[in-house]
Amino acid sequence: MRIGIVCPYTWDVPGGVQAHIRDLAEALIEDGHHVSVISPAAENASLPPYVTSAGRAVPVPFNGSVARLSFGFLSANRVRRWVREGGFDVLHVHEPAIPSLGLLACWVARGPIVATFHASYENSRSLSVTASVLMSALEKITGRIAVSDAARKTLVEFMGGDAVLIPNGVTVGRYTEGEPLPGWDGGEVIGFLGRMDEPRKGLPVLLEAFTLLAAERPGLRLLIAGPGDAKEVLEKVPAAFHDRVGLLGMVSEEDKVRAYHTVDVFCAPNLGGESFGIVLTEAMSAGAAILASDIPAFRKVLGEGQAGALFTTGDASSLAREAAALLDDPVRRAKLSDEARQAVWKYDWSTVARDVLRVYETVAASTAGVEEDDTP
């Protein structure tokens with residue numbers, strides 16, 4: 001099958017949707033399908049052979065984050081040409097309701113179009129206001145996928161219709177083995193992975209909890225990986241503890257795996273706006289003992305606390321209390337690790353890609369393929 005996949009966010013800045021699309025594309029290619037991805041990308045970005053650049057992205061505040069999107073005449077022309085030359089049996093767009101390539105692809109193409117909805121919005125006024133404008137594109141979609149109950153709920157409430165529930169995937173084998181990072185042996189280590197300057201990722205809550213714990217636990221250190229301003233992070237921690245905070249910045253895939261295998265407790269203190277939690281499935285694959293905020297998406301992935309401990313969202317005292325309990329109980333950490341390793345296999349791409357392919361086959365069965373839509 002010839003499959004065209006549309007990525008809405010710039011390829012060269014790590015993110016959950018980009019990782020999802022990368023792993024889906026590679027799983028489908030490994031299964032013998034021809035896959036082409038189009039994505040925003042910087043001019044000097046290093047792209048895999050299956051990715052076509054639609055041009056530079058522009059940062060736009062969106063859903064409590066900063067999304068790097070691509071929208072306009074240049075992008076539309078590149079998407080149109082890619083559709084025209086692709087000869088695809090099915091087109092798979094991601095996040096078609098935001099102003100980026102997925103929406104453009106719906107406008108310029110016709111035929112079997114599958115859409116995956118990733119995001120969950122607590123306040124979706126912008127979606128409800130613009131729904132009528134989007135309908136000319138969204139009504140072309142012939143198959144809908146939601147990655148979580150939260151994403152499906154957003155879709156149903158603000159755009160109508162329904163969707164097949166297929167969770168985000170993770171390449172479990174990529175994370176199962178890894179050497180700890182040098183210099184982090186001995187003592188206790190809590191880890192965090194995410195954008196340091198993105199409020200909804202909850203790093204300030206973790207920093208406050210670390211400050212509470214560090215005074216009582218002289219061997220405790222905090223390992224932080226992800227983009228952001230290191231100086232701003234350290235300003236939230238007393239100077240006496242600065243030498244116990246490790247800031248790795250943006251890390252390679254290899255070092256990300258090693259970071260998961262370095263920590264005693266991996267913490268996901270997110271405040272909301274998450275529909276799934278790919279970072280959790282990565283940490284689960286590595287067998288990390290996880291402590292996460294009790295937002296609905298995280299509760300679901302962690303089996304209501306069976307595969308990872310939970311704390312009250314946004315409550316630094318609750319985080320500190322639960323982290324201390326985990327650090328003091330290696331037997332419980334080992335049990336959570338075992339539960340996580342077992343539970344994560346249902347999210348492995350070997351399972352998830354097959355489910356996505358079934359949707360492709362269903363929508364493609366009655367049509368001749370994807371064509372350029374030149375209707376004015």
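**Notebook: salt bridges, sheet and helices**

Entry 1. I started with Arg84, which is partly exposed at a relative accessible area of 47%. I'm working from a predicted model, by the way. The side chain of Arg84 meets that of Glu372 in a salt bridge, 3.5 Å from N to O. I looked up where the two sit: Arg84 is in helix α2 (residues 73–86) and Glu372 in strand β17 (residues 371–372), so this pair links distant parts of the chain, 288 residues apart. Glu372 also counts as partly exposed, at 22% relative accessibility.

Entry 2. How many salt bridges are there? I get a count of 20. I picked out another one, Arg299 with Asp294, whose closest N and O atoms are 3.9 Å apart. Arg299 is partly exposed at 28%, and Asp294 is partly exposed at 25%.

Entry 3. Next I checked Asp355 and Arg358, a salt bridge with its closest N and O atoms 2.4 Å apart. Both belong to helix α13, and because they are three residues apart there, about one helical turn separates them. Asp355 is partly exposed at 27%; Arg358 is too, at 47%. I also found a network, in which salt bridges with shared partners join Arg22, Asp23, Arg174, Glu253, Lys256 and Glu282.

Entry 4. On to the sheet. Seven strands form an open, parallel sheet, and I wrote down the order as β3-β2-β1-β6-β8-β9-β10. Which strands stand at the edges? They are β3 (51–53) and β10 (164–165); each has a single partner strand, so one side of each lacks a neighbour in the sheet. Two bridges join β10 to β9 (residues 143–146), and Ile145 has Val164 as its bridge partner in β10.

Entry 5. I then looked at what packs on the sheet. Helix α1 (residues 16–30) touches β1, β2 and β6, and its direction makes about 170° with that of β1. Helix α13 (residues 349–364) touches β1, β6, β8 and β9, at about 130° to the direction of β6.

Entry 6. How do α1 and α13 pack? Their angle is about 80°, with the axes 10 Å apart, and they are therefore roughly perpendicular to each other. On the α1 side I noted His20, Asp23, Leu24, Ala27 and Leu28; on the α13 side, Trp349, Ala353, Val356, Leu357 and Tyr360. These contact residues divide into eight nonpolar, one polar and one charged.

Entry 7. Last stop, Lys201, in the loop between β11 and α6. Is Lys201 buried or exposed? Lys201 is buried, with a relative accessible area of 17%. Leaving out residues up to four places away in sequence, I see Lys201 touching Phe192, Arg195, Pro269, Asn270 and Glu274.

Note on methods:
Residues are numbered from 1 along each chain as its sequence is written. This is a predicted model: local features need pLDDT of at least 70, side-chain atom pairs count only at pLDDT 80 or more; totals for chains, interfaces and linings use all residues. Side-chain values use heavy atoms; hydrogens and water are left out. Two strands pair if DSSP finds at least two bridges between them. Helices (H or I, at least four residues) and strands (E, at least two) are DSSP runs, numbered from the N terminus. Contact means heavy atoms within 4.5 Å. Axes are lines fitted to C-alpha atoms, for helices over the stretch in contact, and angles run from 0 to 180 degrees between N-to-C directions. Buried means under 20% relative accessible area, exposed over 50%, partly exposed in between (1.4 Å probe, protein chains only). Angles under 35 degrees count as roughly parallel, over 145 as roughly antiparallel, 65 to 115 as roughly perpendicular and the rest as oblique. Ala, Val, Leu, Ile, Met, Phe, Trp, Tyr, Cys and Pro count as nonpolar, Asp, Glu, Lys and Arg as charged, and the others, Gly among them, as polar. A salt bridge is a side-chain nitrogen of Lys or Arg within 4 Å of a carboxyl oxygen of Asp or Glu.
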